[in-house]
Amino acid sequence: MSQNTGSEATGTARVKRGMAEMLKGGVIMDVVNVEQAKIAEDAGACAVMALERVPADIRAQGGVARMSDPDMIQKIQAAVSIPVMAKVRIGHFVEAQIIESLGVDYIDESEVLTPADYTNHIDKWNFKIPFVCGATNLGEALRRINEGAAMIRSKGEAGTGDVSNAMTHMRTIGGEIRRLTSMREDELYVAAKELQAPYALVKEVAETGKLPVVLFTAGGIATPADAALMMQMGADGVFIGSGIFKSGNPAERAAACVKATTFYQDAKVLADASRGLGEAMVGINVADIPVPHRLAERGW
Amino acid sequence: MIVGVLALQGDFREHIAATVSCGHSALEVRTAADLAKVDALVVPGGESTTIIHLAELFDLYAPIKSRIAEGLPVYGSCAGMILLADRIVDGKDGQKTFGGIDMTVRRNAFGRQVDSFESDLKFNGQSLHAVFIRAPWVEEVGKEVQVLSEVAGHAVAVRQGNLLATSFHPELTADMAVHTYFFDEICKGR
C-alpha cells in the first residue's frame, strides 16, 4: 500500500533490523486465537506470535508441528493493531513465502516446529519480511545473521516453564561476546574458525561488544521474575510462549510480565507484579526431558 | 539542559545516544519523579499501545499531559508521533494519546512491516535519509501546525509550538538533523 515514489527502498537490512529495535523492552506473547491475542494486546504486549499450538501442547501431543493455518493467522492480524509474527519450520522456505504473502510482520524460523531441513536454514536475504531465529551460542547467532536473520532470540527449552536453558544460552552468548572484545585483532581469525562464523561478523562483534541485531530471550519464561532475570542478563526483550496462557490467570500474568520487563531493575515493582497471579504453568524440568526430545538441540 | 527519554518500551537507547552525541545529558524517564527533573522529553519509537498502557499504569500519563500543557518541549518519533496526536485513526479501540499537536495521525498508514521503507526527503528544507517502520502519517493538521516534511503527499514531520513529531526514525541513522532542530530551535535557552 506504500504509495511513495523516488528513492524509496523496502526490505532493506535497516528496516528489518529497525523493526526489531522497536520491539525492545517489550514482551512478545504466543497466542492461539483472537481472544488470546486481544488479552495480550490489552496487557501491553509489543507483538504477538500467532500459532496453532503453544510449545507445551506441541510437546505433549507430539507429531509433526508445522506452520499455522493462514485463516487463523489472518483472524489475529485483523483483531489486533500490534505486530503479528508467525513461525515456520527450520529450512521450510515455502512456508516462509506463504507467511510473507499474508503480510505478517516477522517470521520466526523456529526449532519449536519440526525442522524441514536438517542441514540448511532458510536463505533469509531472499525475503522482504524480517526473520528472527533461535541461538544457543554466539557462533549459531552469527550463522543465522549471516543467512539474513534480523533479530536473534536465545532458544531456551520451549514449553517447559524451566528458565535454566535460556539462562545458559544468554550466559554463553554474553560470555563469548565478552571474550571476543578482549582478544587481539590477530586472534580473531582463529576465533571465527572456532565459532564457525564469518570473520566479518566476528570482527564487528569484537569491535562493538554486541550482536549487530537485537537479542531477545525465549524458552521457559513463566513468571515476571523470569522475565526480569533475562533483562538483567542483557536481553533486549522477552518472548513468552506457553508461560502465559498455560497459567491460572493469563490476563494478569501477561500484564505482570510486561511490567517486569520494563521495570526489571526495580525489585519493588517486581514484587508487586509477582503478587496474586495464581498458578504458574506446571512445567517440566529440562533435565527430565530425554535429549532427543529437546527442542533447543534443533538448528545447526 | 537535561533531556528525558521516555524509557517504558521501544528504542529509547538510540534516542539517548543521539541526545548525548548532540552534547546534552539524557535521563531515562520511567516515573513521575524522573519526569520532574527534565527540561525536555523525547518519546521514542516502539509500540504506542504498550507505551501508553505502561504510562497509565505507572502514573505518568497525567503528569506528561500537564507538562505538555505547560510548554515542555517534546519530540516524538513514530510511536511518539502517534502519542503526541490529538486524534488517531486505525488505533486499538479506545487508544489514548498524550496529545498536544492538533492533528489526526493514521497508525501503520504506510502498511505492514513488508512495506517499511527508507527514503530521501526534505526536512525543513534540508536533505535527509529517513527510515520508516510500520510508520504512521499525518492525515490532517490544524492551522497552528507547521508541516516540515512530506512523503507522497502526506505530512511525515510536523511542529506545533514546542512539540515536534516525525513518522520516521532519525535515531536509527547517523544524521542528527532532526535532533539538532529539536534541541537548537525548540529547546533553546533551556
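Guide: Start with a term: two strands pair if DSSP finds at least two bridges between them. Helices (H or I, at least four residues) and strands (E, at least two) are DSSP runs, numbered from the N terminus.

Visitor: Okay. Which residue in β5(A) is the bridge partner of Val88(A)?
Guide: Glu109(A) is the partner. Strand β4 (residues 84–89) and strand β5 (residues 106–110), both of chain A, pair in the parallel sense over five bridges.

Visitor: Before we go on, what sort of model is this?
Guide: This is a predicted model: local features need pLDDT of at least 70, side-chain atom pairs count only at pLDDT 80 or more, and totals for chains, interfaces and linings use all residues. Residues are numbered from 1 along each chain as its sequence is written, chains are lettered from A and ligands numbered from 1 in the order in which they are written, and side-chain values use heavy atoms, with hydrogens and water left out.

Visitor: Back to the strands. In what order do the eight strands of the sheet run?
Guide: The order in chain A is β8-β7-β6-β5-β4-β3-β2-β9, an open sheet with parallel pairing. The edge strands of chain A, β8 (214–216) and β9 (238–240), each pair on one side only.

Visitor: And which strands does helix α4 of chain A touch?
Guide: Helix α4 (residues 70–79) touches β2 (27–31), β3 (47–50) and β4 of chain A. Contact means heavy atoms within 4.5 Å. The direction of α4 makes about 160° with that of β3(A). Axes are lines fitted to C-alpha atoms, for helices over the stretch in contact, and angles run from 0 to 180 degrees between N-to-C directions.

Visitor: New topic. How do α7(A) and α8(A) cross?
Guide: Helix α7 (residues 164–181) and helix α8 (residues 188–195) of chain A cross at roughly 160°, with axes that come within 11 Å. That makes α7(A) roughly antiparallel to α8(A). The cut-offs: under 35 degrees is roughly parallel, over 145 roughly antiparallel, 65 to 115 roughly perpendicular, and the rest oblique.

Visitor: Which residues of α7(A) meet α8(A)?
Guide: Glu176(A), Arg179(A) and Leu180(A) do. Their partners in α8(A) are Leu188(A), Ala191(A), Glu194(A) and Leu195(A).

Visitor: Last one. How many residues does each chain bring to the contact of chain B with chain A?
Guide: Chain B brings 47 residues and chain A brings 44.
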